[in-house]
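Dear colleague,

Please find below the structure that I am handing over to you. My findings follow it.

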Amino acid sequence: MSDVSSSTTQQIQTKEAMNKRQSMEVRKMSDEFKAQLTQTKEKNDKEVEKVKKDYEVSVSKEKNDSEIKLNKLRAAYSSKITEETRRYEKLLAETKESGAVRLSETKVSQEEQIARQEQKHQEYLDKARQKFEEEKSKLEA
């Protein structure tokens, strides 16, 4: 029995040693996986940060480009508006001047026409008075 009990004891010890070795291997593998997981997580975090930074740089660059384009457009339209305002003011001044000249010409023309009409009326009145005086002198004589 001693052989059996020593054999059983030896088997138990072997089992315990195997369990211990297996437990150590599992713990070692677990630690390796944790380290690998931590390393992968850190690597991915760095990559995410890099992507975020690149995205922010890209957005900032696009925003700056858009601002530059917008400012160029505003300047172009501002110069066009200024040019069109000058053109409008010049056209308005020319139109006013032209209207004033036409008005002046019309006034002169009407004054001349009125003067001619008054002269005709005066001539008519003079002729009528002359006829009246002739008729009156015929009747008085």
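**Surface and overall form**

The accessible surface of the protein chain comes to about 14000 Å², and 54% of it belongs to carbon and sulfur atoms (Shrake-Rupley method with a 1.4 Å probe; for residues, only the protein chains shown count as cover). Please note that this is a predicted model, in which local features need pLDDT of at least 70 and side-chain atom pairs count only at pLDDT 80 or more, while totals for chains, interfaces and linings use all residues. Residues are numbered from 1 along each chain as its sequence is written, and side-chain values use heavy atoms, with hydrogens and water left out.

The secondary structure amounts to 1 helix and 0 strands (DSSP runs numbered from the N terminus: helices are H or I with at least four residues, strands are E with at least two). The radius of gyration of the chain is 59 Å, well over the 14 Å that the globule rule gives for 141 residues, so the chain is more spread out than a compact globule (taken over C-alpha atoms; the rule is 2.2 Å times the number of residues to the power 0.38). Along the principal axes, the C-alpha atoms fill a box of roughly 200 × 25 × 5 Å. Of the 141 residues, 0% count as buried (buried is under 20% relative accessible area, exposed over 50%, partly exposed in between, with a 1.4 Å probe and protein chains only).

**Along helix H1**

Lys-15 belongs to helix H1, which covers residues 2-140. This lysine is exposed, at a relative accessible area of 58%. Between Lys-15 and Ala-35 there are 30 Å in space, C-alpha to C-alpha, for a separation of 20 residues in sequence.

**Salt bridges**

The structure holds 2 salt bridges (a side-chain nitrogen of Lys or Arg within 4 Å of a carboxyl oxygen of Asp or Glu). In one of them, the side chains of Asp-45 and Lys-41 meet at 3.3 Å, N to O. Both residues lie in helix H1, 4 residues apart, about one turn of the helix. Asp-45 is partly exposed, with a relative accessible area of 40%, whereas Lys-41 is exposed at 52%.

Glu-84 forms a salt bridge with Arg-87, and their closest N and O atoms are 2.6 Å apart. Glu-84 and Arg-87 also both lie in helix H1, 3 residues apart, about one turn of the helix. Glu-84 counts as partly exposed, at 41% relative accessibility.

With kind regards
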